[in-house]
Amino acid sequence: MNQQVLERFWSKVEKTDTCWNWTSAKTVGYGVFHLDGKVAYAHRISYEILKGKIPNGLELDHLCRNPKCINPQHLEPVTHKENLHRGTN
């Protein structure tokens, strides 16, 4: 991702003492970002920029339960089943 795209991405984030809230477009509460002509979830982009690739077959669970948060420290790769289970508790 080039510097201009990174600057555009990070300009849409409001960092608090805990969560990094996405301040731009959202769908179903999750931040979205237009990248290479496609729409991508902002929390996935943040995770991959700062922590690395999300393992195949896993999705990110928001440990803070804040869907607009993109703080990679609040995101954990889990199976879809585990993510659903956690969301009901």
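**Close-up views of a predicted model**

**View 1. The antiparallel pair of β4 and β5.** Strands β4 and β5 are joined by four bridges and run in the antiparallel sense. The model shown here and in the other views is predicted. Within this pair, Phe33 has Ala40 of β5 standing opposite. Two residues lie between the strands of the β4 and β5 hairpin, and Asp36 of this hairpin adopts a positive phi near 55°.

**View 2. The buried residues of helix α2.** Helix α2 covers residues 42–50, and its buried members are Ala42, His43, Ile45, Ser46 and Tyr47. Just after α2 comes Gly52, whose phi is positive at about 115°.

View 3. Asn83 is a residue of helix α3, which spans residues 80–87. Is Asn83 buried or exposed? Because its relative accessible area is 17%, Asn83 counts as buried, the cut-off for this class being under 20%. When neighbours within four places in sequence are set aside, the residues in contact with Asn83 are Glu59, Leu60, Asp61 and Val78. One of these, Asp61, stands 22 residues from Asn83 along the chain, yet the C-alpha atoms of the two are separated by 5.8 Å.

View 4. Val28 is located in the loop that links β3 (26–27) to β4. Although Val28 is not a glycine, its phi is positive, with a value near 50°. Val28 is classed as exposed because its relative accessible area is 75%, and this class begins over 50%.

**View 5. Arg65 in the loop between β6 and β7.** The loop between β6 and β7 contains Arg65. Arg65 is another residue other than glycine with a positive phi, here near 65°. How is Arg65 classed, with a relative accessible area of 45%? Arg65 is partly exposed, because this class lies between the cut-offs of 20% and 50%.

Key
Residues numbered from 1 in each chain as written. Predicted model: local features only at pLDDT ≥ 70, side-chain atom pairs only at ≥ 80, totals over all residues. Heavy atoms only, no water. Buried < 20%, exposed > 50% of the residue type's maximum accessible area, 1.4 Å probe, protein only. Pairing = 2+ DSSP bridges. Contact = heavy atoms within 4.5 Å.
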